[in-house]
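Here is a quick tour of one model, written for someone who likes cut-offs spelled out. Have a look at the fold, then at the ligand site.

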Amino acid sequence: MASATDTDRVHLRRAIELAERGRGRVRSNPLVGAVVARDGEVLGEGWHERFGGPHAEVNAIAACAGGDLTGATLYVSLEPCCHEGKTPPCTDAILQAGIGRVVIASDDPTEKASGRGLGILRDEGVEIVIADDGLEGMARMLNQPFRKHARTGRPWVLLKLAMSLDGKVATQAGDSQWISGEESRMRAHRWRADLDAVIVGVGTAMADDPELTARPEGAPVTSEQQPRRVVFDSLARLSTTSRLVASAGEVPLTVVVSRAAARADTDALQAAGAQVLVATGENEPARVCSAVDQLGAMGITSALLEGGPRLAGAFLDAGEIDEVRLFLAPILLGGRTARDPLEGQGVELIADAQRALSFDWERVGDDLLISARLREW
Ligand SMILES: NC(=O)c1ccc[n+]([C@@H]2O[C@H](COP(=O)([O-])OP(=O)(O)OC[C@H]3O[C@@H](n4cnc5c(N)ncnc54)[C@H](OP(=O)(O)O)[C@@H]3O)[C@@H](O)[C@H]2O)c1
């Protein structure tokens with residue numbers, strides 16, 4: 001197979017940049033960007049702009065305004081689809097436009113894709129080029145939630161923590177509002193808006209009475225765009241007067257209970273508008289696995305896990321944390337019983353520790369934001 005040229009790399013990099021523009025708007029769909037070019041000249045650009053809307057390839061071809069595309073190359077950050085979904089197959093649009101060469105940055109791991117689109121194009125005489133490692137890696141990073149969900153059926157999980165300089169996430173009295181600064185909290189609201197769900201344990205729901213909606217500064221989020229709120233609450237203790245339940249009519253709320261929950265309590269939550277899921281399993285990590293399987297089957301591809309320490313520890317033990325973003329704040333809490341960020345079983349040996357694949361930091365207001373990617377999909 002032919003390899004990508006330097007010109008190909010320039011256009012493909014641009015396609016990856018364009019894909020970013022869909023962030024927060026395409027939800028469970030992948031972020032995809034596309035460029036149509038000939039002899040180094042860009043004829044059209046496009047990206048997947050909104051969930052259910054035309055795909056990037058179709059938008060890039062439409063941006064060429066019906067011009068002759070003979071001899072043009074299509075650059076696309078993800079393998080083109082060949083199935084009829086909410087929109088017609090992109091392979092059809094590419095063939096109808098007369099495009100003779102397609103350069104892609106990354107594969108699509110969903111069962112209905114996985115090379116099928118490329119096979120159809122090749123059979124029709126279209127030359128296919130696949131990018132080298134660097135660009136492929138960048139394109140894969142764009143779509144970690146989509147990729148994990150396609151490969152495992154479970155959502156990609158981002159653990160967010162706000163921690164004091166002495167490694168605590170709440171005082172000995174259980175107060176944690178607020179450890180991180182205003183700018184950090186705004187950043188977290190953006191993440192909520194970008195992901196499909198926000199998850200907390202009932203301990204946090206009862207201690208903080210949060211609403212868990214996305215309220216990013218300067219960019220109002222409609223109720224349809226709000227992430228689903230999910231509370232892990234084995235015994236259905238969440239009060240029907242809590243802010244979470246009170247807003248269940250406007251923003252979806254799921255309560256994950258165990259078989260031990262009393263029927264009267266789950267009925268009351270359902271009557272108030274919450275969805276109730278029953279997680280099965282003998283212990284907390286097993287019930288995390290059962291719940292994330294069910295959330296994935298509902299089409300949730302990504303979730304922001306906002307704690308607290310006990311639920312986050314169970315997710316770690318279950319192997320279900322994909323990335324950690326930790327705000328380290330310049331305050332000291334002290335106190336022997338002040339809370340550590342992660343509980344659960346943990347590991348006995350350092351050799352068994354989960355080691356980050358990548359580790360970065362940046363300053364956000366007065367805090368440090370430390371990001372660690374644990375898995376790559
Ligand atoms: N600084 C931060 O970033 C941050 C973030 C969040 C919270 N916090 C603080 O953390 C404290 C609350 O944390 P927490 O550890 O007490 O509570 P939590 O982790 O929010 O909730 C734990 C509870 O969730 C329930 N649960 C249901 N299914 C579970 C499962 N599979 N695995 C584990 N737990 C499950 C359990 O209660 P049942 O057995 O009754 O179901 C468990 O006691 C508060 O003080 C809050 O302010 C700080």
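## The crossover

Strand 3, helix 3 (residues 90-97) and strand 4 form a right-handed β-α-β unit. Right-handed here means that, with the strands pointing away from the viewer, the path from the first strand over the helix to the second runs clockwise. Helices (H or I, at least four residues) and strands (E, at least two) are DSSP runs, numbered from the N terminus.

A word on the source: this is a predicted model, where local features need pLDDT of at least 70, side-chain atom pairs count only at pLDDT 80 or more, and totals for chains, interfaces and linings use all residues. Residues are numbered from 1 along each chain as its sequence is written, and side-chain values use heavy atoms, with hydrogens and water left out.

## Strand 3 and its neighbours

Strands count as paired if DSSP finds at least two bridges between them. Strand 3 runs parallel to strand 4 (residues 101-104), with four bridges joining them, and Leu74 sits opposite Val102 there. Strand 1 (residues 33-38) is antiparallel to strand 3, again with four bridges. In that pairing Val35 faces Tyr75, and Val36 has Leu74 as its bridge partner.

Which way do the side chains of strand 3 go? Thr73 and Tyr75 point one way, Leu74 and Val76 the other, and all are buried. Buried means under 20% relative accessible area, exposed over 50%, and partly exposed in between (1.4 Å probe, protein chains only).

## The hairpin

Strand 1 is mostly covered too, with five of its six residues buried. Six bridges tie strand 1 to strand 2 (residues 41-47) in an antiparallel pair, where Ala37 is opposite Val42. The hairpin of these two strands has two residues between them, and Asp39 takes a positive phi near 50°.

## Around the ligand

The ligand has 27 residues around it, the closest being Ser176, Thr204, Ser234, Arg237 and Arg339; a residue is near if one of its heavy atoms lies within 4 Å. By class, that shell holds 12 nonpolar, eight polar and seven charged residues. Nonpolar covers Ala, Val, Leu, Ile, Met, Phe, Trp, Tyr, Cys and Pro, charged covers Asp, Glu, Lys and Arg, and the others, Gly among them, are polar. Helix 8 gives the most, with five residues.

A polar side-chain atom of Asp208 is 3.0 Å from a ligand oxygen, and a backbone N or O atom of Gly308 is 2.9 Å from a ligand oxygen.

Notes. A polar contact is a pair of N or O atoms within 3.5 Å; within protein, one must be able to donate a hydrogen and the other to accept it, and residues adjacent in sequence count only if both atoms are side-chain atoms.
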